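This report describes selected features of the structure shown below.

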Amino acid sequence: MSHAQTIDIQSQQDMEFIDITEQVRDFVRACRCQEGMLLVFTPHTTAGVTINENADPDVRHDIGEFFKRRLSNQDYFRHSEGNSPAHILSSLVSASEALIIENGQLLLGTWQGIFFCEFDGPRRRRVHLKIIPG
Amino acid sequence: MSHAQTIDIQSQQDMEFIDITEQVRDFVRACRCQEGMLLVFTPHTTAGVTINENADPDVRHDIGEFFKRRLSNQDYFRHSEGNSPAHILSSLVSASEALIIENGQLLLGTWQGIFFCEFDGPRRRRVHLKIIPG
Amino acid sequence: MSHAQTIDIQSQQDMEFIDITEQVRDFVRACRCQEGMLLVFTPHTTAGVTINENADPDVRHDIGEFFKRRLSNQDYFRHSEGNSPAHILSSLVSASEALIIENGQLLLGTWQGIFFCEFDGPRRRRVHLKIIPG
């Protein structure tokens, strides 16, 4: 079993937090890695990866609404595609998350889920997963 | 010596930056790992881990005060626990930091310290440490 | 070939995004590591490392201008060096980025580049690179 995998995602909205926790857990199980580190990395510059609560969907609503209102387009922006807020969010939230694998399981808190963050959708997107045993 | 450890933390304030640098250094020394990577990961969705100056405590004051003023509760927030600003900060600051181990030591800059970030305290919290040799 | 290297940087402006993608790619090739993880880490508390678009320089302009306008000095700041906005940005953007190495190459998206972020320049700076094979 390879220690790398790519997840394909089709986002539906301009800003969206897509829960990929189960897909990531399945990958960790399939790898049969007992101890190590996992990197979740998205190769896009207007998207990101974050860890946050996956119990109450209102948390995602509030984060997204806050980002939309605080990062609207500005007169001084020059980038002609008009998606500079999405690029800024990509640098703030970052393109990746690193996680610990312990006893063959992802070490996540009770309320933690892993989210692909769409900041300029809808688009077809990818997320790369990579395990380093150790 | 195992390459994993958990630190228990009791935060005292609603927002607080708790310096865990010495505990992390002690763990790296005890592991006797000469070269590798260290992941510092907190399993909470209203907290984070960051690296910043640990010389002048005014730096922490300014960061915390800025976060409090810019991330207050908003009318459009729906999450009933009332701690959406803490969730937003958790995604912005992120739940983890990755560091380099070189010659058996943490490779930190002169002014860098590692901080557990409480965004919704006071609470009992944990931070997981994991070393990947290599 | 060692799996670690340090890049020296001389920033020219107060805020600046310096593209280090080619230097990082050269390091990965020279290491002849086929599969693994790369950590790009800066040991400074008023700087950062980010991944964003390296095609249109206007993206960098917009990110920098947004940061400057939203993170100016505040009356309530106490840190006497007057660079608290740079410290805040360092925690928001973070001191490091982790990347995947696959088939001996950095796994970067088409538009992604790796940037050293100067938030309090001009200064002499360093960026540490470290590969964990696996």
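Just after helix H1 of chain A, Arg32(A) adopts a positive phi of about 55°. The model is predicted, and this value is computed from it.

Aromatic contacts form a second topic. Over all chains, a search of the whole structure finds 11 aromatic pairs. In chain A, one aromatic cluster is formed by Phe17(A), Phe66(A), Phe67(A) and Phe119(A).

Arginine side chains also lie over the faces of tyrosine rings in another chain, as in the two cases tabulated here.

| Arginine | Tyrosine ring | Distance from the ring centre |
|---|---|---|
| Arg69(B) | Tyr76(C) | 3.8 Å |
| Arg69(C) | Tyr76(A) | 3.8 Å |

Chain C is superposed on chain A by a rotation of 120° with 0.0 Å of shift along its axis, and the RMSD is 0.0 Å. The two copies are therefore related as by a three-fold rotation axis. Within chain C, the residue that comes closest to the rotation axis is Leu92(C), whose C-alpha is at 3.4 Å. The copies use different surfaces, since 12% of the contact residues of chain C recur in chain A.

How values were computed:
Residues are numbered from 1 along each chain as its sequence is written. Chains are lettered from A and ligands numbered from 1 in the order in which they are written. This is a predicted model: local features need pLDDT of at least 70, side-chain atom pairs count only at pLDDT 80 or more; totals for chains, interfaces and linings use all residues. Side-chain values use heavy atoms; hydrogens and water are left out. Rings of Phe, Tyr and Trp (its six-membered ring) pair if their centres lie within 6.5 Å; planes under 30 degrees apart count as stacked, over 60 as edge-to-face and the rest as tilted. A charge sits over a ring if NZ of Lys or CZ of Arg is within 6 Å of the ring centre and within 35 degrees of the ring normal. Helices (H or I, at least four residues) and strands (E, at least two) are DSSP runs, numbered from the N terminus. Copies are superposed by least squares on the C-alpha atoms of residues with pLDDT of at least 70 in both. Contact means heavy atoms within 4.5 Å.
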